[in-house]
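I am opening a notebook page on this structure. Entries follow in the order in which I looked things up.

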Amino acid sequence: MKIGVIKFPGSNCDRDVYDVLKLVGAKPEYIWWNNKDLTDFDGIVIPGGFSYGDYLRAGSIASITPVIDGIKDLIKEEKPVLGICNGAQILGEIGLIPGVFITNENPKFNCEWVDLKINTTRTPFTKDFKKGKTIKIPVAHAEGRFYTEDVDLLKDQDQIVLQFKDKNPNGSIENITSVCDESGYVCAMMPHPERASDDLLGSKDGLKFFKGFI
Amino acid sequence: MTLTQYEKEYIQGILKRDMNLLEEGMLDVMFSEHCSYKSSRPILSLFPSEGENIILGPGDDAGLVSINDKYALAVGMESHNHPSAIEPYGGAGTGVGGILRDIISMGAMPIAILDSIRFGPLEDEKSRYLFEHVVKGISDYGNRVGIPTVGGELEFDESFKANPLVNVMCAGLVEKDKILRAIAPNVGDVFFLMGGTTGRDGIHGVTFASEELTEDSEEDRPAVQVADPFTKKKVLEASLEIFENINVSGCKDLGGGGLTCCISELADSSENGAIIYLNEIPLREEKMTPYEIMLSESQERMVFVLNKEDVKKAHAICEKHEISSSVIGEVKSGNNMIVLDDNTEIANLPTILLADPPSINRPMTPIKLKDKEINLKDPELKDSLLKMISSPNLSSKKWVYKQYDYEVQIRTAVKPGDDAAILKIDDEIAIALSADSNTIHTKLSPYDGGAGSVAESIRNVISCGAKPYAVVDCLNFGNPENPEILWQFQECIKGMSEVARSFNSPVISGNVSFYNETEGIKINPTPACGVIGVLELENIRTMEFKNENDKIVLIGKTYDEINGSEYHRTIHNLEEGLPPKIRVESEVSNGLALLNLISSDDKKAITAVHDCSAGGIAITLAEMALSSDLGFEIDSSKIITEGEMSLNNLLYSETHGRYILTVKSEELENVLNELDVPSSCIGEVKGNSFKVDSKEIIVISDLKNKYNNALEKYMP
């Protein structure tokens, strides 16, 4: 499976995601932001970081680059697309997932390990989990507070993927920290599954998200 | 201008003519304390700098230490004190930026940042402002470039009120055959400048750093450079791509002293000359004078020394990453650095004059150290414990480190808050990094304080299971023109050297920051010591209690050494008397005994380790309990002591060379038998409270509440 890892100027989790994709047996390849034709790829990860320095608003400039057109074409073919952290913010900016990620309740950058609840297993990334299972993955962001005016719709359409379990570190509405589009193939998540890929580093719970591509 | 009359005459004697204004500016910067180390160089030579794992000692942008067959670690440490006092956000950010560039210049990928920061007490509004914005500056910069900030230290003391300290340590990973140096060995190669453009910011930044701060220093705000982490990230990515694809013959970043410093040092280290085409330098502002261009300290700039044939490829890489690049000069034979404006020669100076100014043997006067019998009324143990653990100097630093992305690059095995940070290198080994300094001890006895600061940082690394390999430092002192300050500096370095030498951990890189005085108020002298250790993954140990009934073992003798302690500062607001002595022999034998124990611990009998330092046995045990949810009970009569002392002195004494470990109860006898240094079982992990001599002092959860909310009480 050839999985594209998108690189914007300012991306900084691209190498980590690349390494973990390799670890689970996928064939990762970097894609520079000005590539439009992604037809060769079986799936895409938009990794975390600070694309274009996040100077205007997190993800806003990345959302209007040529590579986004390529991603939209893949989505039409129901290829899996995973946006992590800054990648999630970018998917929110484009409107490929419902809702947006805004500045944390306490606006400081916040890096910590959190417990998450798997709310749906219908996405490729959560299909190997049991619904309701608790997993441990770290977050690291200043603009990750999920907001939507239509929580009930998301519930009805089973689009809530992950929720904070005991502690909500950023003020997200209904503890939501990951959502998917209606198809379930496009998923945005603020926590970093690639950072939970080794027991030595704290947990291996993130590996299944990447195995979902295979 | 800070050139002295003697220096001006010295320069004239070599040039046999007067300097022009541009040349005077260039020399002024290069002769500044910050660039030339003119006061400190003769003393710094006391440091041991060579050893079996050392690839490169001091002199280049960073030191290099071998960590296995394949990799070396490039490590450096830098201060950004003066800029941070004036503009904390930008000053701290560019401090991180500067040390990152130093590491990249060695051909390495930065993998970890540690920061040692010091402020006035948090009751003071200005100190809170500085603290908040320094942390934000480090956070915004490190996070955006994608380098994890994994550790460091934090101190609040009256002496740092007007002169905060911001020291940043960075480690980078480089394959041994891809190491780069700051050299320009081939005549005909070009100087390829890339990254940020050159503007008017930071002109005379180093001169500003080489004077005392005054009330008027606020007006020097333009001497503080502007931080631009997004450009730095692009510079990093483009540099890595250039290293990968082009045979680079030398590399150096532009920091203090700007182009003048960078080009003259590159050429001088290869005994070559250099020519600079002023008109080829990409500028950010209009009508900049040659003086401004050659002295600008604009950030995020690097110079690569390249073969002419590779220039096109290098330009293409920079274009891809959307950063400017230009060939700004050439390596020439001869010994001079020449600056051309169009075709007019506007400066012509020997590179050696720029890069190697004469050192100064300034006078020194010993300070009389004051031993003193101090008799104080000790509060109840419970009261002192609560006050200590909720003091910002000993409480949890989570408010700080959760603002740092300490996970990016997925290597961080032991997270901030433990003795040292552990970063995984491959499936076999990891490195341990720690930064530490005891400023009260150093004030009261510079020799013991300097020695103790290195010892404590080494103990941190050993506690995590790692063998210390090398030391880096950032030496923050007052005005070296004061003979007592310079004596303090020399004594401190003698002490540091003794411990570093005894652990076979040479000092491979460092930074000196003098003039940390503001209108007569001197900082407590601060030798921030970074230590690099290496360990096998299976030897990683952490500080938190693991299992009920594990036995608690204390390694090392305890002396009645309470003067200069955290206990005195926090409880009695006192920094007097002689601090704990360094006893190098037992320091080394205790440390090595523990390392041997861990490396042969096939049964995993050692379940937790924590070094004993600020706050003594009481705080060490409290921290081990607080990072778990388990309590403990000790019998104070089991502590091996030298002489009689009160219970508070026994539990808060800061005698060096001690470690506390927990051991599986069934292995206790074997472990004690194996330890051939003074050690005893003093208690066990048990229940949920802090218990001494069968008396419950306090429940751990009550202590935790204080510990976890101390900084938060002051900071939003």
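**Interface of chains B and A**

I looked for salt bridges across the interface of chain B and chain A and found 6, taking a side-chain nitrogen of Lys or Arg within 4 Å of a carboxyl oxygen of Asp or Glu. One of them joins B:Lys398 to A:Glu112, with the closest N and O atoms 3.6 Å apart. I noted which elements of chain B touch chain A: α7 (125-145), α9 (229-245), α15 (398-401) and β14 (412-414) each supply at least two residues. Of these, α9(B) gives the most, with 6 residues. Helices (H or I, at least four residues) and strands (E, at least two) are DSSP runs numbered from the N terminus.

The model is predicted; local features need pLDDT of at least 70 and side-chain atom pairs pLDDT 80 or more, while totals for chains, interfaces and linings use all residues. Residues are numbered from 1 along each chain as written, chains are lettered from A and ligands numbered from 1 in written order, and side-chain values use heavy atoms, without hydrogens and water.

I then looked up the buried area, the accessible area (1.4 Å probe) lost on putting two parts together, summed over both. Between chain B and chain A this is about 2,700 Å², with 57% from carbon and sulfur atoms. B:Arg144, B:Phe230 and B:Ile410 supply 26% of what chain B buries against chain A, more than any other three residues.

**Rings**

B:Phe230 also belongs to an aromatic cluster with A:Phe8, A:Tyr52 and A:Tyr55. Rings of Phe, Tyr and Trp (its six-membered ring) pair if their centres lie within 6.5 Å; planes under 30 degrees apart count as stacked, over 60 as edge-to-face and the rest as tilted.
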